Amino acid sequence: MPIRYLARLLFLCAWLPIAAHSATLERIRENAEFVLGFVPGDLPFSDGDARQASGYSIDLCHQVADLIREQLAMPELQVRYVPLSTTDMLDAVAEARVDILCSPLVESLERRRRVSFSLPIFTAGLGVVVRQDAPATLTLPLKGETTYRGPTWRATINQGLSRHSFAVMKGTVSVDWAQNRIRQLGLQSRLIEVDSNQEGIEQVVTGQVDAFFADRLVLLNYQARHPQGAQLWIPERLFAVESVAMPLARDDEDFRLLVDTALSRLNRSEEGEALYRRYFGDLSEQGRMMLRLNSRP
């Protein structure tokens, strides 16, 4: 038997126990399809509809699909897309309506009560977008500065922010972060929860809210694509830094191992680096190091 066939046979045999004990893989085998849930309007991670989806995390899920085809010896395995909202995305995973959520989220203890998570796929930095003509009472505090020159009191630092409205995406940790910050700073600001990043951007553009908090790279992506992107300003400041991962069913460590194996292989390859550059631009040494850290040998 040629060595390459023997190696392939040994690889498949090594995965046989996983196929036997994974409820997710058994469902995939029975239905002959891999169901990808995603949140539309979450560029550059996920966008599209039930017919076709695209984005960085969608491409990662296709890597998982390739490994499933290999493991289950199902080359004709189909991929089905299920658009979800931020309010039902975790329920869809927990109730097995989708096999994986291809829109990354910050892993939290509250979410881990409902779902499990893959290895991190990205390190996200919470940023903010405002209009270019936003007043200094908004832009300077967002940069960590103030126009007030007298004695420094919390009230004087934040009095400008109290007159403004902010938006965050529903169902994200940005909601908790913004609510806590508003409470800690004693602000009377209005906080709006939107259903998508696109909606948050549009509300800033149209003046319905003064600022929208989301991942800074996501904001930059939308600014570059938006017809009125030149009217928007995204400061360099990051308000929080968190790793994000893809949710999957709890109590299915075998499927989670398969997902993490596919991600690790990709992140340690030239193909993985090329995929990162496609969506996020040049890959710095720090970015390359993060890809390695977010994988396992």
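## Report on a predicted chain

Leaving aside neighbours within four places in sequence, H226 is in contact with I201, E202 and V205. Contact here means heavy atoms within 4.5 Å. This is a predicted model: local features need pLDDT of at least 70, side-chain atom pairs count only at pLDDT 80 or more, and totals for chains, interfaces and linings use all residues. Residues are numbered from 1 along each chain as its sequence is written, and side-chain values use heavy atoms, with hydrogens and water left out.

**H226 and its surroundings**

H226 sits in the loop between α10 and β12 (232-233). Helices (H or I, at least four residues) and strands (E, at least two) are DSSP runs, numbered from the N terminus. The side chain of H226 also makes a polar contact of 2.8 Å with the side chain of E202. A polar contact is a pair of N or O atoms within 3.5 Å; within protein, one must be able to donate a hydrogen and the other to accept it, and residues adjacent in sequence count only if both atoms are side-chain atoms.

**The chain as a whole**

The chain has 297 residues, and 49% of them count as buried. Buried means under 20% relative accessible area, exposed over 50%, and partly exposed in between (1.4 Å probe, protein chains only). The secondary structure comes to 13 helices and 14 strands. Take the contacts between residues at least 6 apart in sequence: 74% of them join residues at least 24 apart. The accessible surface is about 14,800 Å², and carbon and sulfur atoms hold 50% of that. Accessible areas come from the Shrake-Rupley method with a 1.4 Å probe; for residues, only the protein chains shown count as cover.

**Nonpolar cores**

In soluble globular proteins, nonpolar side chains tend to be buried together. A nonpolar core is a set of buried Ala, Val, Leu, Ile, Met, Phe, Trp, Tyr and Cys residues joined through side-chain atoms within 4.5 Å. The largest one here has 55 residues. Inside this core, F34, Y56, I68, I100 and F212 have the most contacts. Helix α3 gives the most to the core, with nine residues. There is also a second, separate core of 15 residues, which includes V39, M89, V93 and M169.

**The disulfide**

A disulfide is a pair of cysteine sulfur atoms within 2.5 Å. By this rule the count is one. The partners are C61 and C102, with their sulfur atoms 2.0 Å apart. The torsion about their S-S bond is about -115°, so the disulfide is left-handed. It links distant parts of the chain, 41 residues apart. C61 lies in helix α3 (residues 56-72), and C102 in the loop between β5 (100-101) and β6 (105-106). Both C61 and C102 are buried.

**Helix α10**

Which residues of helix α10 (residues 216-225) are buried? They are V218, L219, N221 and Y222. These residues cover an arc of only 160° around the axis, which puts them on the same side of α10. The arc is that of the directions from the helix axis to the C-beta atoms. The buried residues of α10 pack against β8 (122-131), α9 (197-205) and β11 (211-215). At the start of α10, a side-chain oxygen of D215 comes within 3.1 Å of the backbone nitrogen of L217.

**A124 in strand β8**

A124 is in strand β8. Beyond its neighbours within four places in sequence, A124 is in contact with D215, A240, V241, E242 and V244. A124 and V106 are 18 residues apart in sequence, and their C-alpha atoms are 8.8 Å apart in space.

**Backbone details**

L43 and P44 are joined by a cis peptide bond, with omega about 5°. P44 lies in the loop between β1 (33-38) and β2 (47-48). A73 is a residue other than glycine with a positive phi, near 55°. A73 is in the loop between α3 and β4 (78-83). A96 has a positive phi too, near 65°. A96 is in the loop between α4 (89-94) and β5.

| Residue | Relative accessibility | Class |
|---|---|---|
| A124 | 14% | buried |
| H226 | 13% | buried |
| A73 | 57% | exposed |
| A96 | 33% | partly exposed |
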